[in-house]
Amino acid sequence: MVTTQDYDSSFENKWCPGCGNFGILQAMKNALVALNRSPHEIMLFSGIGQAAKTPQFINCNFFHGLHGRALPAATGAKTANHDLTILVNSGDGDCYGEGGNHFMNAIRRNVDITLLVHDNKVYGLTKGQASPTSDLHMITRAQPHGVILEPFNPLAVSLALNAGFVARGFAGNIDHLSMLIQEGVKHKGFSLIDIMQPCVSFNHTNTYQWYSERAYELTPENHDPSDYSGAFEKAREWGDRIPIGIFYQTEKPSFTDNIETLNREPLVDRTYDPDNLRTLLKKLS
Ligand SMILES: Cc1ncc(C[n+]2csc(CCOP(=O)(O)OP(=O)(O)O)c2C)c(N)n1
Ligand code: SF4
């Protein structure tokens with residue numbers, strides 16, 4: 001029987017007290033326990049940033065790579081060992097800015113991984129510059145006259161790219177977020193969970209109170225997750241009311257299903273005969 005203690009790590013945590021990342025960390029642990037997955041079955045990937053430090057605080061396999069580059073590394077690992085349950089922790093800057101190209105192409109490949117974007121709408125680690133999801137006119141230390149760029153809408157973009165699982169959670173609603181993570185992990189194919197994450201040090205607009213006053217849950221009464229057009233409508237809703245939950249879900253073959261040589265036992269479990277490689281290299285020389 002797996003417990004949350006199995007996932008406790010001994011690394012010292014330096015996140016600011018009250019940071020939304022703590023809620024996401026707890027929701028992840030709760031979800032993995034509810035799924036009854038053991039730490040050795042899980043691998044986490046991240047790039048750079050406060051969000052990207054998350055894998056250090058969970059006791060399981062992890063790979064901490066370059067800024068914006070978690071998804072290609074995760075794709076490689078899933079390709080080599082599709083028995084692993086892979087989750088990616090990324091910031092809004094890391095994923096939609098520096099890693100924007102990888103974000104789009106991971107969706108197109110439909111790699112069977114769960115992407116958690118800790119969306120605090122600022123660059124937290126580098127002390128509060130605007131990020132791709134910062135709201136228009138938001139004032140930051142580096143944008144004292146307000147942000148002049150239109151915000152990136154990750155849910156609408158992933159829907160446009162035909163992502164099979166598109167969801168939004170809130171770091172202040174741990175049980176709901178844990179449910180979303182469980183559904184994302186169970187979904188076969190790429191899953192995006194964009195998470196509203198208060199940054200108590202550098203984002204004084206989108207606070208816990210601000211989100212709590214606006215967030216409402218998608219339920220079977222107000223939304224059907226198989227309704228593609230309805231999902232777009234919900235993805236564009238941002239203001240006095242902000243939906244959280246599963247916006248869209250549809251199953252289709254994943255990246256490893258689509259490649260015949262990968263569509264059996266994982267590559268890591270296969271035996272390797274160096275003579276085959278020598279023969280191939282001879283043929284090519
Ligand atoms: C290629 C590259 N560009 C810029 C940086 C500097 N840098 C490190 S963390 C960071 C911001 C991270 O913000 P975000 O991804 O939103 O995560 P958060 O810290 O808010 O969780 C930046 C710009 C870097 N390390 N590498
Ligand atoms: S700067 Fe913001 S994102 Fe980083 S640990 Fe502090 S509250 Fe969290």
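Lysine 186 and glutamate 183 form a salt bridge, their closest N and O atoms 3.2 Å apart. A salt bridge here is a side-chain nitrogen of Lys or Arg within 4 Å of a carboxyl oxygen of Asp or Glu. The structure holds ten salt bridges. This is a predicted model: local features need pLDDT of at least 70, side-chain atom pairs count only at pLDDT 80 or more, and totals for chains, interfaces and linings use all residues. Residues are numbered from 1 along each chain as its sequence is written, chains are lettered from A and ligands numbered from 1 in the order in which they are written, and side-chain values use heavy atoms, with hydrogens and water left out.

**Salt bridges within a helix**

- Lysine 186 and glutamate 183 both sit in helix α6 (residues 174–186), three residues apart, about one turn of the helix.
- Helices (H or I, at least four residues) and strands (E, at least two) are DSSP runs, numbered from the N terminus.
- Glutamate 183 is partly exposed, at 25% relative accessible area.
- Buried means under 20% relative accessible area, exposed over 50%, and partly exposed in between (1.4 Å probe, protein chains only).
- Aspartate 275 and arginine 278 also pair, at 2.6 Å from N to O.
- Both of these residues lie in helix α10, three residues apart, about one turn of the helix.
- Aspartate 275 is partly exposed at 43% relative accessibility, while arginine 278 is exposed at 51%.

**Other salt bridges**

- Lysine 78 meets aspartate 112 through their side chains, 4.0 Å from N to O.
- Lysine 78 belongs to helix α2 (residues 70–80) and aspartate 112 to the loop between α4 (100–109) and β4 (114–119), so the pair ties together parts that are 34 residues apart in sequence.
- Lysine 78 is buried, with a relative accessible area of 5%.
- Arg264, Glu265 and Arg270 are linked in a network of salt bridges.

**Surface patch**

- Tyr272, Leu277, Leu280, Leu281 and Leu284 make up a nonpolar patch on the surface, with about 560 Å² of accessible area together.
- Patches take residues with over 30% relative accessible area and no salt bridge; like charges are joined within 9 Å, and nonpolar side chains (Val, Leu, Ile, Met, Phe, Trp, Tyr) within 5 Å.
- Accessible areas come from the Shrake-Rupley method with a 1.4 Å probe; for residues, only the protein chains shown count as cover.
- Leucine 281, one of the patch residues, lies in helix α10 (residues 274–284).

**Ligand 1**

- Of the 16 residues around ligand 1, Gln50, Ala51, Asp94, Gly124 and Leu125 come nearest.
- A residue is near a molecule if one of its heavy atoms lies within 4 Å of it.
- By class, this shell has five nonpolar, eight polar and three charged residues.
- Helix α3 gives the largest share of the shell, four residues.
- A backbone N or O atom of aspartate 94 lies 2.6 Å from an oxygen atom of ligand 1.
- Taken alone, ligand 1 exposes 590 Å², and the protein buries 72% of that.
- The elements giving two or more residues to the shell are α3 (92–98) and β5 (122–123).

**Ligand 2**

- The residues around ligand 2 are Trp15, Cys16, Cys19, Gln50, Asn120, Gln197, Cys199, Val200, Ser201 and Phe202.
- Six of the shell residues are nonpolar, four are polar and none is charged.
- Ala, Val, Leu, Ile, Met, Phe, Trp, Tyr, Cys and Pro count as nonpolar, Asp, Glu, Lys and Arg as charged, and the others, Gly among them, as polar.

Technical notes. Polar contact = N/O pair within 3.5 Å; in protein donor to acceptor, adjacent residues only side chain to side chain.
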